[in-house]
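Please read the points with the structure open beside you.

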Amino acid sequence: MKSKLEKLKGTCIGIAGCGGLGSNCAMALARAGVGTLVIADFDTVTLENLDRQYYFREQVGQKKVLALQENIKKVNPDIVVQAHDVRLGPDEVVDIFKNCQVIIEAFDRADMKLMIIEIVTECFPDKFIIAGSGLAGYGENNALRTRRLGNLFICGDETSEVSPELPPLAPRVGVVAALQANQALEIIMDDLEPAVGADVWDE
Amino acid sequence: MTKGKIMKINLNNKEVSMAGESFSVSELLNLMHFTFPMIVVKINNRLVKKEDYERVFIGDGDNVEAIHLISGG
């Protein structure tokens with residue numbers, strides 16, 4: 001186990017989005033001892049974010065990537081954090097995460113989730129991507145799960161969409177973020193092999 | 001589609017029999033009631049991009065995985 005934990009120090013994990021999923025996932029990976037975290041988001045911390053995102057009152061108004069970098073460093077100053085204050089599109093994803101072994105999808109919007117899954121599968125067939133899908137509301141513990149499709153893992157219940165009646169709340173968001181972090185550890189510590197031929201369909 | 005032909009595919013680890021010889025990804029998603037707009041689709045472990053749903057076809061024996069992407073993060 002010790003040598004496996006040692007492996008984490010030499011690992012680089014990318015986190016696309018620093019909201020509920022991304023901020024909580026980053027902190028879990030930081031505490032576990034991942035050596036390098038590449039975090040990216042364009043957004044600013046608001047008071048409303050504090051119901052589920054890993055930020056504090058005095059950080060309201062700060063850029064999320066800078067606030068998250070600060071929180072990671074408070075836990076472990078030795079972790080290398082590359083913070084990118086940027087709105088991610090396909091080109092930025094390729095550029096920013098090219099040195100990461102695993103990429104965590106932590107966007108809010110479903111079309112952005114599909115965008116990063118498509119571009120990572122197409123450009124980085126040897127990398128793993130771990131997405132979140134379905135985390136709104138409360139309860140239904142056992143509906144939250146992980147499914148593997150080649151180099152893509154999807155964590156969540158695959159059904160609960162965020163809406164005014166079904167807001168994202170800290171416990172379920174936290175569980176899905178922890179599922180993503182836990183999956184990343186398994187990939188690294190157990191040397192999971194990327195699926196062969198798991199690229200994009202073209203004819 | 002040809003009358004009388006039956007194709008069997010594996011959809012999310014379940015065998016599904018369908019009348020016909022092949023379906024586009026769009027047709028299959030409609031038939032299988034995938035309702036949310038964003039879906040990850042893999043055929044035989046290869047990702048089909050959303051822009052290709054009309055021109056990529058699924059035939060007998062294919063292994064199809066389709067999972068909804070739900071907003072929220």
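How many residues of chain B are in contact with how many residues of chain A?

1. The model is a predicted one. In it, 21 residues of chain B are in contact with 38 residues of chain A. On the side of chain B that touches chain A, the elements that give two or more residues are β4 (39–43), β5 (46–47) and β7 (63–68) of chain B. The residues of that side of chain B divide into 10 nonpolar, five polar and six charged.

2. Those strands of chain B belong to a sheet. The sheet is open, has five strands in the order β2-β1-β7-β4-β5 (chain B), and its pairing is mixed. At its edges stand β2 (14–19) and β5 of chain B; each has a single partner strand, so one side of each is left without a neighbour in the sheet.

3. Take the pairings from the β2(B) end. Strand β1 (residues 6–11) of chain B runs antiparallel to β2(B), and six bridges join the two. In this pair B:Met7 stands opposite B:Met18 in β2(B). The hairpin of β1(B) and β2(B) has two residues between the strands, and B:Asn12 takes a positive phi near 50° there.

4. On to β7(B). Two bridges join β1(B) to β7(B), and these strands run parallel. Here B:Asn10 stands opposite B:Asn63 in β7(B). By contrast, β4(B) and β7(B) pair in the antiparallel sense, over five bridges.

5. Strand β4(B) deserves a paragraph. It is mostly covered, with four of its five residues buried. One of its residues, B:Ile43, stands opposite B:Val64 in β7(B), and B:Ile43 also stands opposite B:Arg46 in β5(B). Two bridges join β4(B) to β5(B), which run antiparallel. The hairpin of β4(B) and β5(B) has two residues between the strands, and in it B:Asn44 takes a positive phi near 45°.

6. Now chain A, beginning with a check on a helix. Helix α3 (residues 64–75) of chain A has 12 residues, which at 1.5 Å a residue should span 16 Å; its end C-alpha atoms are 17 Å apart, which agrees. Which residues of α3(A) are buried? They are A:Lys64, A:Val65, A:Ala67, A:Leu68 and A:Ile72. Seen down the axis of α3(A), these buried residues fall within an arc of 160°, so they line one face of the helix. The buried residues of α3(A) pack against α2 (20–32), β2 (36–41) and β3 (80–85) of chain A.

7. The largest nonpolar core has 79 residues, of which A:Ile15, A:Ala26, A:Leu37 and A:Ile39 touch the most other members. Helix α6 (residues 170–189) of chain A gives the largest share of this core, nine residues. Leaving aside residues up to four places away in sequence, A:Ala26 touches A:Ile15, A:Cys18, A:Leu37, A:Ile39, A:Leu68 and A:Ile72.

8. Helix α6(A) can be checked by its span too. At 1.5 Å a residue its 20 residues should span 28 Å, and the end C-alpha atoms are 28 Å apart, which agrees. The buried residues of α6(A) include A:Arg172, A:Gln180 and A:Gln183, along with A:Val173, A:Leu179 and A:Ile188. Just after α6(A), A:Asp191 takes a positive phi of about 50°.

How values were computed: Residues numbered from 1 in each chain as written. Chains lettered and ligands numbered in written order. Predicted model: local features only at pLDDT ≥ 70, side-chain atom pairs only at ≥ 80, totals over all residues. Expected span 1.5 Å × (residues − 1). Buried ≥ 20, exposed ≤ 12 C-beta atoms within 10 Å, placed from the backbone. Arc of directions from axis to C-beta. Contact = placed C-beta atoms within 7 Å. Nonpolar A, V, L, I, M, F, W, Y, C, P; charged D, E, K, R; others polar. Core = buried A, V, L, I, M, F, W, Y, C linked by C-beta atoms within 7 Å. Pairing = 2+ DSSP bridges.
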